[in-house]
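Try each task before reading its solution.

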Amino acid sequence: MWRLLKKDINAHWKSVVFMLVIVAVFVKCFGAACVSRVFIGVPCPACGMTRAAFLFLTGHWLESLKMQPFFYALLVGIVLFVLYRYIIRKEKYKKIFYWYCMVMLVAAIGFYLYRMIKLFPDVPPMTYSKQNLLYYIIHKWL
């Protein structure tokens, strides 16, 4: 298990560091890590995920569930991945994980559309942000 984990870390640590740097640059320059919010001011399907994680880690589980229910789906996916990849060590984990991700992706997009219809633009996290590049271009240049 540990040998496989070490192999995976060695193979992917540069990608993880690169993504963390990109997120840090977005947060520093634009005040948000979400590309959708920065460029067009509209929440993305994962909107509220960071806040849900923070609420979960601070013991506010119900509030976390209300903020972004798919945070729990992400946790289940991570547990399944670790279980199949490092503990059970079956090669079929790729197929199981792939289908789990596909089902969660379709469900998350459906839930996003529901929240956009019912909650946008007044209820957090489904709010419109005027601090975006498209708004700036339209109101400053046109």
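**Exercise 1.** Which residues are buried in α6? Then find what they pack against.

*Solution.* Bear in mind that this is a predicted model. Start with burial: in α6 the buried residues are Y93, Y100, A108, Y112, R115 and M116. Next, look at their partners: these buried residues pack against α4 (61-67) and α5 (70-88).

**Exercise 2.** Check the length of helix α6 against its residue count.

*Solution.* Helix α6 covers residues 93-118, which is 26 residues.

**Exercise 3.** Decide whether D8 is buried or exposed, and identify its contacts beyond its sequence neighbours.

*Solution.* First locate D8: it sits in helix α1 (residues 2-30). Its relative accessibility is 14%, and because buried means under 20%, D8 counts as buried. Setting aside neighbours within four places in sequence, D8 is in contact with R85 and Y86. With R85, the side chain of D8 makes a polar contact of 2.7 Å.

**Exercise 4.** Describe the fold content of the chain and judge how spread out the chain is.

*Solution.* The chain has 7 helices and 0 strands. Its radius of gyration is 18 Å, well over the 14 Å that the globule rule gives for 142 residues, so the chain is more spread out than a compact globule. The C-alpha trace spans about 55 × 35 × 30 Å along its principal axes. Finally, buried residues make up 25% of the 142 residues.

Key
Residues are numbered from 1 along each chain as its sequence is written. This is a predicted model: local features need pLDDT of at least 70, side-chain atom pairs count only at pLDDT 80 or more; totals for chains, interfaces and linings use all residues. Side-chain values use heavy atoms; hydrogens and water are left out. Helices (H or I, at least four residues) and strands (E, at least two) are DSSP runs, numbered from the N terminus. The expected span of a helix is 1.5 Å times one less than its number of residues. Buried means under 20% relative accessible area, exposed over 50%, partly exposed in between (1.4 Å probe, protein chains only). Contact means heavy atoms within 4.5 Å. A polar contact is a pair of N or O atoms within 3.5 Å; within protein, one must be able to donate a hydrogen and the other to accept it, and residues adjacent in sequence count only if both atoms are side-chain atoms. The radius of gyration is taken over C-alpha atoms; the globule rule is 2.2 Å times the number of residues to the power 0.38.
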